[in-house]
Amino acid sequence: MRAATVRLTAVVFALALMALAAVAAWLAQHLDKAPREATDGARAQASSVRDGRALYARNCERCHTTQEFAEGLHGPQSGARVLEMLEFLEQHGDGDELDDRAVLAFLVQASR
Amino acid sequence: MRSVAWFSIFAAAVLGPLALATAIRGANWRDFGAGFGAACGWIAFALFAAEFGLVTRVRAAAAAFGSDALLLFHRAMAFVALAFVLAHLAALAPAVPSPFAASALERSGAIALWAAVILVGTSLWRRRLRCPYELWLVAHRALAVTVVVAMAWHVWMLIAPGETVLKVLVAACAALALGALLTQRLLRPLWLWKRPWELVENRDEGASTRTLVLRAIGHQGLRFAPGQFVWIGTRRQGLFAQEHPISIASSPKLDGGRTLELAIKALGDWSSKTVPALEPGARVRIDGPFGAFTPDERPAERLVLVAGGIGVTPMRSMLLAMRDRGDRRPVTLFYAAHRRSRAMFAGELEALQQALDLKVVFVFEAPEEGERCERGLLSTELLRRHLPADLRFTQFFVCGPAPMMDAMERIAAELGVPSDHVHTERFDVV
């Protein structure tokens, strides 16, 4: 196969990939979005929830919806899910343990 | 059709992860910019993983495209993959990531980025950096593994706990890439050492070229088409084995394929130091045959072979095969070299004119006084003097230095040769 053919194929393929990346991003905008508002909880947790909400909005909201993470954090079987979520927050992002727990508290409230 | 099928597999491997990620995670991409950046990241990861497949020496794929075309495409895709990494970064990262950042997400991204930059840069500028090929190859593989592992780690951290399908996909992509490398570098060499070849003769052909005559030990040898090449390994070091692609110079009918002749010109450390030192009795490893650079299965009324320097070795195989098969189709061989003393097999090729309908045209840049040859470089006018006007049913085979092959592609177009009738073999990709 001639070198010119290989180069042309590579260029066309690259342009197609770029176009498909744009298509994927556009399609994603038209998928169903989860509700972003979180419910407010008891006054004893108000401070942590507000801090958690701010942290979530600043660090997580650009890429993740609240519903995505809040699912399963409330109810009889939520223990394992809470631990799983905590481990995920520890491995993910820039926050320290206090930030992680504040975000988790916010998500627990959101799941109710 | 074979090439379309193989290309489709490659495209599916690159686009599959993006499609899955869009379906599973797309709703989380808050705006077009974030989505585009994420999509570029997925494409970059899939491309770098798929790159391993392009150089895994799958014989069927090499036969469909030619091994040199796969290498050229592999090189081109590396640039494309790096471009997608940079697009991902531009869309999503507030600053250039640091490999020493506190965040594991940033660290993994930085490692992947810088490993990819060094990988592509050292491939592009290997000769300018005066890096020996063998050292470059070891570093290249290490960097490639680093890129894929760092990218997989980076993506893994972004996947939410419930997105098991994506986790499996990421793990599978990384595992397949690393598995391909392990198979090629360790498992296959171990298997090939069970089918060794023994050096019978190490012949000095002049012009800094040596011919290794190899005989199969304990197996039936190799079935190959004239013009194909093999990878020869001369040291038993598994992952660090030295392997080099060398065209087969002998006829497929020589000793029923149990004897091979490989002509090797001194061009680097291995060819100028290791090869001359090989003594009869030495065992080597042969992997092959590979390549689509062969007149077999390409119907033609006439063949035109254009060789420059060591590029004459596959042509020798083709001509010897034609002699052994009684193939009397007209053949014209244009052999370009600096002067006759640097033209390998010159006497043998002239003698073959008695056994074939062959015309050998030597093209010397600096011929000796009284030398009967064409002078200077290959040109459209030079070829026109020796070829008929109608070349529609002629197949051209070109092998030599890259500038010569580039020039021949233009010359063939000017001569009216259909583009799919011009076949080249390039190996100086790096």
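Colleague: A salt bridge is a side-chain nitrogen of Lys or Arg within 4 Å of a carboxyl oxygen of Asp or Glu. By this rule, how many salt bridges are there over all chains?

Modeller: The count comes to 20 salt bridges over all chains. Keep in mind that this is a predicted model, where local features need pLDDT of at least 70, side-chain atom pairs count only at pLDDT 80 or more, and totals for chains, interfaces and linings use all residues. Residues are numbered from 1 along each chain as its sequence is written, chains are lettered from A and ligands numbered from 1 in the order in which they are written, and side-chain values use heavy atoms, leaving out hydrogens and water.

Colleague: Why would such side chains pair at all?

Modeller: Side chains of opposite charge can pair when their charged atoms come close.

Colleague: Let's take one. Which residue does B:Glu198 form a salt bridge with?

Modeller: The partner of B:Glu198 is B:Arg283, and their closest N and O atoms are 3.7 Å apart. This pair links distant parts of the chain, since B:Glu198 is in strand 1 (residues 197-206) of chain B and B:Arg283 is in strand 6 (residues 283-290) of chain B, 85 residues apart. Strands (E, at least two residues) and helices (H or I, at least four) are DSSP runs, numbered from the N terminus.

Colleague: And B:Glu198, why does it count as partly exposed?

Modeller: B:Glu198 counts as partly exposed because its relative accessible area is 26%. The cut-offs are under 20% for buried and over 50% for exposed, with partly exposed in between (1.4 Å probe, protein chains only). B:Arg283 is also partly exposed, at 42%.

Colleague: Next, which residue is paired with B:Arg323 in a salt bridge?

Modeller: That is B:Asp324, with the closest N and O atoms 3.0 Å apart. B:Arg323 has a relative accessible area of 38%, so it is partly exposed. B:Asp324 is partly exposed too, at 31% relative accessibility.

Colleague: What about B:Glu381 and B:Arg384, where do they lie?

Modeller: Both lie in helix 11 (residues 380-386) of chain B, three residues apart, which is about one turn of the helix. B:Glu381 is partly exposed at 46% relative accessible area, and B:Arg384 is partly exposed at 42%.

Colleague: Which residues are linked in a network of salt bridges?

Modeller: The network links B:Arg57, B:Arg185, B:Arg188, B:Glu243, B:Arg285 and B:Asp287.

Colleague: Change of topic. In what order do the strands of the antiparallel sheet run?

Modeller: The order is 4-3-6-1-2-5 in chain B, six strands in an open sheet. Its edges are strand 4 (243-247) and strand 5 (259-265) of chain B, each of which pairs on one side only. Two strands pair if DSSP finds at least two bridges between them.

Colleague: How many bridges are there between strand 2 and strand 5 of chain B?

Modeller: Strand 2 (residues 209-216) and strand 5 of chain B pair over seven bridges, in the antiparallel sense. As one example, B:Thr211 has B:Ala263 in strand 5 of chain B as its bridge partner.

Colleague: Now the sheet with parallel pairing. What is its strand order?

Modeller: That open sheet, also in chain B, has six strands in the order 10-9-8-7-11-12. Here the edge strands are strand 10 (374-375) and strand 12 (422-425) of chain B, and each pairs on one side only.

Colleague: How is strand 9 of chain B joined to strand 10 of chain B?

Modeller: Two bridges join strand 9 (residues 358-364) to strand 10 of chain B, and the two strands run parallel. B:Val363 stands opposite B:Glu374, which is in strand 10 of chain B.

Colleague: Last one, chain A. How many helices and how many strands does it have?

Modeller: Chain A has five helices and zero strands. Along the sequence, the pattern of chain A reads α-α-α-α-α.

Colleague: And what share of chain A is made up of buried residues?

Modeller: Buried residues are 38% of the 112 residues in chain A.
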